[in-house]
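Subject: Structure handover

Hello,

Here is the structure I said I would pass on. Please open it alongside the notes below.

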Amino acid sequence: MKSVPREGLPEITGSVRVAAGAWSMEDAWWTDAPAAREYWDVELSDGALYRIYRDRKINAWFVDGIYD
């Protein structure tokens, strides 16, 4: 798995050991730029826990948060 860097959050890489999801989110469907995402909680092979999402429109992965 490889994510796309976002401001303030790191790019992550590694093998997914455990995953929970997907939770779908669609927002602002009535606008010119609606959001369509799938959210996952994942544990990578190094033990780090992340909330990630896939932007279905551009088919790219992003980090949304890091669990302590």
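Are Y53 and F62 buried or exposed? Both Y53 and F62 are buried, where buried means under 20% relative accessible area, exposed means over 50% and partly exposed lies in between (1.4 Å probe, protein chains only).

Some notes on the source before the rest. This is a predicted model, in which local features need pLDDT of at least 70 and side-chain atom pairs count only at pLDDT 80 or more, while totals for chains, interfaces and linings use all residues. Residues are numbered from 1 along each chain as its sequence is written, and side-chain values use heavy atoms, with hydrogens and water left out.

Overall layout

The chain has four strands and zero helices; both are DSSP runs numbered from the N terminus, helices being H or I of at least four residues and strands E of at least two. Along the sequence the pattern reads β-β-β-β. Of the 68 residues in the chain, 25% count as buried. Contacts (heavy atoms within 4.5 Å) were also sorted by sequence separation: among those with a separation of 6 or more, residues 24 or more positions apart account for 33%.

The sheet

The strands form an open sheet of four in the order β1-β2-β3-β4, with antiparallel pairing; two strands pair if DSSP finds at least two bridges between them. β1 and β4 (60–66) each have a single partner strand and stand at the edges, so one side of each is left without a neighbour in the sheet. From one strand to the next, the twist averages 25°, with axes as lines fitted to C-alpha atoms (for helices over the stretch in contact) and angles running from 0 to 180 degrees between N-to-C directions.

β1 (residues 16–27) pairs with β2 in the antiparallel sense over ten bridges.

Nonpolar core

A nonpolar core is taken as a set of buried Ala, Val, Leu, Ile, Met, Phe, Trp, Tyr and Cys residues joined through side-chain atoms within 4.5 Å. The largest one has six residues: I12, V42, L44, Y50, I52 and V63. β2 (35–44) and β3 (49–55) are the elements that give two or more residues to this core.

Aromatic rings and charges

Rings of Phe, Tyr and Trp (its six-membered ring) pair if their centres lie within 6.5 Å; planes under 30 degrees apart count as stacked, over 60 as edge-to-face and the rest as tilted. The count by this rule is two aromatic pairs. Y39 and Y53 form a tilted pair, at 5.2 Å centre to centre with 40° between the planes. This pair links distant parts of the chain, with Y39 in strand β2 and Y53 in strand β3, 14 residues apart. Y39 and Y53 are both buried. Y53 and F62 form a stacked pair, at 5.3 Å centre to centre with 25° between the planes.

A charge sits over a ring if NZ of Lys or CZ of Arg is within 6 Å of the ring centre and within 35 degrees of the ring normal. The charged end of R37 sits over the ring of Y53, 4.2 Å from its centre. The charged end of R51 sits over the ring of W23, 5.7 Å from its centre.

Individual residues

E38 lies in strand β2 and counts as buried, because its relative accessibility is 18%. Leaving aside neighbours within four places in sequence, E38 is in contact with A22, W23, S24, I52, Y53, R54 and R56. A22 is found in strand β1, and a cis peptide bond with omega of about 10° joins G21 to A22.

Most residues other than glycine have a negative phi, and most peptide bonds are trans. N59, in the loop between β3 and β4, has a positive phi near 55°. N59 is exposed, with a relative accessible area of 54%.

T13 lies in the segment before β1 and is exposed, with a relative accessible area of 52%. T13 and L44 are 31 residues apart in sequence and 8.3 Å apart in space, C-alpha to C-alpha.

Regards
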